[in-house]
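I opened a new notebook page for this one. My plan is to look things up one at a time and jot down what I find.

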Amino acid sequence: MGALQAASSSWTAAGWSTGTLVPLPVMVPLSAAGLTLTLWRRPRLQRVVSVTALAVVVAVSVALLFVTDDGPVVVHVGGWAAPVGIDLVADRLSALMLTVSSVVLLLVLLYSLAQGNDDSDDPTEHAPVSIYHPTYLVLAAGVGNAFLAGDLFNLYVGFEILLAASYVLLTLGGTGARIRAGSIYVVVGLLSSVVFLIAIALAYAATGTVNMAQLAERLPEIDPTVRLAIQLLLLLAFGIKAAMFPVSAWLPDSYPTAPAPVTAVFAGLLTKVGVYAILRTQTLLFPPDERVDDALMWVALLTMVVGILGAVAQDDIKRLLSFTLVSHIGYMLFGIALATSSGAAAAIFYVVHHITVQTTLFLVVGLVERRGGSTSLDRLGGLAKLAPGLAILFFVPAMNLGGIPPLSGFLGKVGLLEEGARQGTALAYVLVVGSVVTSLLTLYAVVKAWNKAFWQEAPSSVPTDTTLPRGMVAPTAALVVLGLGLTAIAGPLYGYAERAAGALRDGSYVQAVLPPGGADTPSQRAATTGEDDG
């Protein structure tokens, strides 16, 4: 940390500021996407550009992780100060999300370079490789923009970038199953976007702004019924993207059809962007509302229970993991619904854990499919003997997902359970019980998958001479190690999550974004709404 602070001082002395770092997670991938598009006939150069760009984003994100620990860093795009201009805001929460997402994006890219851009053995299903790198980099830029957006409309733009890029990646290969899944995905995505736009329009009509810092000051002053309508619309829009119950049925039918690296990055990141948006807006924009919090608790409970029951019933590993993905979104919603700093801290910690572990498991499933020729549990078996290294790669994150102590999944759940018990309401205790049941059923589901795929006797159809490329195994192993590393640094990481959660409601975000002395005065309100105070 001292080295980074020294580096920050040298940048300032040289005429640079820490604000220079903030736009880079968006601008670097976008610029690299344009460059890789011009290099469509040079796949090797495309790979170099893509890996270099994401490595730069990782470095920038880690630097922001330390810089923002001293307070939010704001960049007014185009030199137009808030609330008139567009702001990019990096605080502890956004920097932490940027760091873990950029690491995952880089490792999944390395995995995909070894595998190829499609995991099908049918050469007629391969999409043109030239589109993969630009699209993947645009996806990375969309993720960065969503985490850094300082106003609702720019957040909407980030989601739309994600939607466009993810639709292309989801349909790579052009098979019938992928086109059908992509069609469902894009319809659901457009529906959530329409709901989000309606919420933005209503917020602007009611307050005269879409800047989140200014909304934080104005929304508590408007009619409570209108404020509740805006809050519920935003929850619905982000809930669809996060795959919370009852708007989660699209996910298990969409993700398993994509190539393994695409499914991995979707499972790890895209739903978490929705969770991030819920966490950001619920804590920053709206005062605590017991009705909304209680409703969100019920949604969290149903998301956990319905999702894990779906997972238990599956006989395909991809679909099983897709249902566990839905189920564990409920844990994050539980932390948000508790409406306390400790609950938000546990949710943030669990998001970081889940991004890492869920991505790892989908990459491992890609290796299982390559080694065993299928993801159906009825067609797999004996892989522990045929590929013991692969068995370890699956076992460790599976146990982490199941919440076996002392792994990070266990620590995140304990934080949520402790805060639920501390709150002490009947509904909170129902969530505590539901969380424990969900964790046990998760463990049952992954143990069932382990037993069938790795331990039971192999059917004669399992290939015995397939080898796994080192370029696919190495990034997967790195993510397994990263998951274990979260356990090793759980103390400092949880402390950072607590500081990030504490800053969500302390006013530091608003103070950093609005101009000096720029409290939301009547004259400023007239300037942005067109009203006359006289």
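**Entry 1: a proline in a loop**

Where is Pro246 found? I found Pro246 in the loop between helix H9 (224-242) and helix H10 (250-254). My helices (H or I, at least four residues) and strands (E, at least two) are DSSP runs, numbered from the N terminus.

Before going on, I noted that this is a predicted model, where local features need pLDDT of at least 70, side-chain atom pairs count only at pLDDT 80 or more, and totals for chains, interfaces and linings use all residues. Residues are numbered from 1 along each chain as its sequence is written, and side-chain values use heavy atoms, with hydrogens and water left out.

Back to the loop. The peptide bond from Phe245 to Pro246 is cis, with omega near 5°. Ala243 also sits in the loop between H9 and H10. I looked up its phi: Ala243 has a positive value near 65°, and it is not a glycine. Ala243 is buried, at 0% relative accessible area. For this I use under 20% relative accessible area as buried, over 50% as exposed and in between as partly exposed (1.4 Å probe, protein chains only).

**Entry 2: the whole chain**

I stepped back for the totals. The chain has 22 helices and 2 strands. Of its 534 residues, 58% are buried. I also checked contacts, meaning heavy atoms within 4.5 Å. Among those between residues at least 6 apart in sequence, 81% join residues at least 24 apart.

**Entry 3: the strands**

How many bridges join strand E1 (residues 73-77) to E2? I got 5, and the two strands run antiparallel. Two strands pair if DSSP finds at least two bridges between them. Across the pairing, His76 stands opposite Asp87 in E2. In strand E2 (residues 86-90), 4 of the 5 residues are buried, so E2 is largely enclosed by the rest of the structure.

I moved on to H4. Its 24 residues should span 34 Å at 1.5 Å a residue, and the end C-alpha atoms are 35 Å apart, which agrees. The expected span is 1.5 Å times one less than the number of residues. H4 is mostly covered, with 20 of its 24 residues buried.

How do I describe two packed helices? By the angle between their axes and the distance between the axes. Helix H4 (residues 92-115) packs against helix H20 (residues 490-502) at about 140°, with the axes 8 Å apart. My axes are lines fitted to C-alpha atoms, for helices over the stretch in contact, and angles run from 0 to 180 degrees between N-to-C directions. H4 and H20 are therefore oblique to each other. The cut-offs are under 35 degrees for roughly parallel, over 145 for roughly antiparallel, 65 to 115 for roughly perpendicular, and the rest oblique.

From H4, the contact uses Arg92, Leu93, Ala95 and Leu96; from H20, Leu493, Tyr496, Arg499 and Ala500. I sorted the residues of this contact into 6 nonpolar, no polar and 2 charged. The classes are: Ala, Val, Leu, Ile, Met, Phe, Trp, Tyr, Cys and Pro nonpolar; Asp, Glu, Lys and Arg charged; the others, Gly among them, polar.

**Entry 4: helix H14**

Helix H14 (residues 341-372) has 32 residues and reaches 46 Å from first C-alpha to last, close to the 46 Å expected at 1.5 Å a residue. I count 28 of the 32 residues of H14 as buried, so H14 is largely enclosed by the rest of the structure. Ala339 has a positive phi near 60° and is partly exposed, at 26% relative accessible area. After H14 comes Gly373, with a positive phi near 80°.

Inside the helix I picked His353. His353 is buried, at 1% relative accessible area. Not counting residues up to four places away in sequence, His353 touches Asn400, Ser408, Gly409 and Leu486.

**Entry 5: Met472**

Which helix holds Met472? I placed Met472 in helix H19 (residues 470-488). Met472 is buried, at 1% relative accessibility. Leaving aside neighbours within four places in sequence, Met472 is in contact with Tyr111, Ala114, Gln115, Leu367 and Arg370.
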